[in-house]
Amino acid sequence: MNDVNEMPRQALLRRGFALEYATLGWNVIGIGVLAVAAVSARSVALAGFGLDSLIEIGASTVVVWELSGTGEEREKRALRLIGVGFALLGLYLLAQSTIALATGFHPHHSTLGIIWTAFTAAVMFALAFGKARTGTALDNPVLKTEGRVTLVDGLLAAAVLLGLVLNSTLGWWWADPAAGYVLVSYAAREVREIFFGEH
């Protein structure tokens, strides 16, 4: 297996596009799966994870657009759009977690939700790793930043999975919204880095 840092630029670009198209495909399918699972389980967390999938679709679309062209202004605009995605994700998680804890909302057991979030966590972590390596090799901050969006998607999937499992096995309905607060802080850090850090 070739070291990604030794690959020609065109091969790296093709790899970047492939990673983004894989992310898009998975999340498009995920919206349908999560809609079914959320309705059947009356789960706020699963419905929210569907929203996260929409944000990930938007972020991947931005990267495909950015990889298709060149220029510093295009790169800056793409980073800002991804930053907005992080901000929306953080605001959503903050609102969802607070409402779920305040109302004491108890979702039903969801086998479909558990299976899907387990697979999604594994897939998103693998894609995030690939984007980080490819973005570094290309010296492309947009791809690297969107890779962190994918990482957050994987972390959120793991948090939702943990919440679903704890709810199903121990009745700990509050586990998932509590984990959401941890991800809010991560999203906030990424927003600060994108809008106020140096790239």
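Reader: What makes I82 count as buried or exposed?

Author: I82 has 1% relative accessibility, and buried means under 20% relative accessible area, exposed over 50%, partly exposed in between (1.4 Å probe, protein chains only). So I82 counts as buried. Bear in mind that this is a predicted model, where local features need pLDDT of at least 70 and side-chain atom pairs count only at pLDDT 80 or more, while totals for chains, interfaces and linings use all residues. Residues are numbered from 1 along each chain as its sequence is written, and side-chain values use heavy atoms, leaving out hydrogens and water.

Reader: Which residues does I82 touch, not counting those up to four places away in sequence?

Author: With contact meaning heavy atoms within 4.5 Å, I82 touches V62, V63, V142, T145, E146, V149 and I194. There's also A59, 23 residues apart from I82 in sequence but 5.5 Å away in space, C-alpha to C-alpha.

Reader: What about T150: buried or exposed?

Author: T150 has a relative accessible area of 0%, so it is buried. T150 belongs to helix 5 (residues 141-170), and its contacts beyond four places in sequence are E56, M124, L127, A128 and K131.

Reader: Why is A122 called partly exposed?

Author: A122 comes out at 48% relative accessibility, so it counts as partly exposed. A122 is found in helix 4, and its C-alpha lies 8.8 Å from that of A158, 36 residues along the chain.

Reader: What caps the N-terminal end of helix 4?

Author: S110 does, with a side-chain oxygen 2.9 Å from the backbone nitrogen of G113. A polar contact is a pair of N or O atoms within 3.5 Å; within protein, one must be able to donate a hydrogen and the other to accept it, and residues adjacent in sequence count only if both atoms are side-chain atoms.

Reader: Why are helix 2 and helix 4 called roughly parallel?

Author: Their axes cross at roughly 25° and come within 13 Å. Axes are lines fitted to C-alpha atoms, for helices over the stretch in contact, and angles run from 0 to 180 degrees between N-to-C directions. Angles under 35 degrees count as roughly parallel, over 145 as roughly antiparallel, 65 to 115 as roughly perpendicular and the rest as oblique. Helix 2 and helix 4 are therefore roughly parallel. At this meeting, L46, F49, E56 and S60 in helix 2 face G113, T117, T120 and K131 in helix 4.

Reader: What makes helix 1 and helix 2 roughly antiparallel?

Author: Helix 1 (residues 9-41) and helix 2 pack at about 160°, with axes 8 Å apart. Helix 1 and helix 2 are therefore roughly antiparallel.

How values were computed
Helices (H or I, at least four residues) and strands (E, at least two) are DSSP runs, numbered from the N terminus.
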